[in-house]
Amino acid sequence: MPPIPESKPYRIGRSRTGLGLFATKPIKKGTKIIRYFGPLLDAHNEKHDAIENKYLFQINKRWTIDGSIRKNIARYINHSCKPNAESDVNVRKRKVTIRAIKKIEPGDEINYDYGTEYFKAFLKPIGCKCDACEKKRAKKAAEAKAERAADKAKSKTGKASSAKTKKAKGAVADKVKTKTKTKTKTKTKTNAKTKVAADKAKTKAANSKAGKTNAAGKSKAATKTKAVSKAKSKAKTVSKSASKVTARATASKAKAKSATKAATKAKQAKRPASKRTRKA
Ligand SMILES: [Zn+2]
């Protein structure tokens, strides 16, 4: 590794993609950090034009800096889609300087945007590994995971709630059946008793005490009728609770739906902005 004087605010260090340049001191926004330099290649020169390497920095159609030389420390600076520095190209002097575009803290990796052409040719095919792209990728992966979980939960909730509803409905049906049976029994009993009462009343009426007894029979019958209506209202309450269960199931379904909607919205908001071209 080429030596770097201690006075310089950077060092070469391990980065995600191999080596990179890292700040060792705070670097103010707008500060010129380092020059990108090397032999000038002339597009009009066939020999120059044949040179190919990763460190070519095109100044304009004619001139390109070959930055592959060892002394060019700036070649360690990696690309970022959301950089903290930029390449400042002086076309007339054919000079390139890397300058801070925001405050860079010690330990931060120094990055600049290599430009659309480089991105398309070298980074897009293998997938850009800059912080911004990695974060984007991680976010996307997390969202996809969340969406899958939401879908799973949705289908589970759907199944569970339908099962619950079925169970509840069954229970209600059973209860209603029981109640109906009870009702019928009560009715039958009432009828029988009423009949008995009526018969008794008849008999007693024959004994000219009809008025009183008849009244008694009637009131008994009335009591039984009340019992029947009580049973009816109980059945109603049960079916109400059943509809509550259904309502809950619907609510959880709606929740799952809104979660999916939120995920979709987040996805839409996260579309990458168009890339900047920094290379001259
Ligand atoms: Zn990137």
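## Burial and overall make-up

A residue is called buried if 20 or more other C-beta atoms lie within 10 Å of its own, exposed if 12 or fewer do, and partly exposed in between, with C-beta atoms placed from the backbone. By this definition, 17% of the 280 residues of the chain count as buried. The structure is a predicted model, in which local features need pLDDT of at least 70 and side-chain atom pairs count only at pLDDT 80 or more, while totals for chains, interfaces and linings use all residues. Residues are numbered from 1 along each chain as its sequence is written.

The chain holds four helices and 10 strands, where helices (H or I, at least four residues) and strands (E, at least two) are DSSP runs numbered from the N terminus. Along the sequence, these elements follow the pattern β-β-β-β-α-β-β-β-β-β-β-α-α-α. Two residues are in contact if their C-beta atoms, placed from the backbone, lie within 7 Å; among contacts in the chain between residues at least 6 apart in sequence, 71% join residues at least 24 apart.

## Confidence

The predictor's confidence in each residue is given as pLDDT, from 0 to 100. The chain has a mean pLDDT of 72, and 56% of its residues reach 70 or more. Over residues 168-280 pLDDT stays under 50, and for this stretch the model has 84 contacts beyond four places in sequence. Where pLDDT is low, the predicted coordinates should not be read in detail.

## Strand pairing

Two strands pair if DSSP finds at least two bridges between them. Strand E1 (residues 10-15) and strand E2 (residues 18-23) pair in the antiparallel sense over six bridges, and they form a hairpin with two residues between them. Within this pairing, arginine 14 has leucine 19 in E2 as its bridge partner.

Three strands form an open sheet in the order E4-E6-E5, with antiparallel pairing. Strand E4 (40-42) and strand E5 (56-58) are the edge strands, each having a single partner strand, so one side of each is left without a neighbour in the sheet. Neighbouring strands of this sheet are turned by 35 degrees against each other on average, direction ignored, with axes taken as lines fitted to C-alpha atoms (for helices over the stretch in contact) and angles running from 0 to 180 degrees between N-to-C directions. E4 is joined to strand E6 (residues 63-66) by three bridges, and leucine 41 stands opposite threonine 64 in E6.

## The nonpolar core

A nonpolar core is a set of buried Ala, Val, Leu, Ile, Met, Phe, Trp, Tyr and Cys residues joined through C-beta atoms within 7 Å. The largest has 24 residues, of which Tyr10, Leu21, Ile33, Tyr36, Ile77, Ile98 and Ile110 touch the most other members. Two or more residues of this core come from each of E2, strand E3 (32-36), E8 and E9.

Leucine 21, found in strand E2, is buried, with 25 other C-beta atoms within 10 Å. Not counting residues up to four places away in sequence, leucine 21 touches Tyr10, Ile12, Ile73, Tyr76, Ile77, Glu109 and Ile110; its C-alpha atom is separated by 6.4 Å from that of tyrosine 10, 11 residues apart along the chain. Isoleucine 33, leaving aside its neighbours within four places in sequence, is in contact with Tyr10, Ile27, Ala85, Ile98, Arg99, Ala100 and Ile110.

Most residues other than glycine have a negative phi. Arginine 94, although it is not a glycine, has a positive phi of about 55 degrees. Arginine 94 lies in the loop between strand E8 (85-90) and strand E9 (95-100), and it is partly exposed, with 15 other C-beta atoms within 10 Å.
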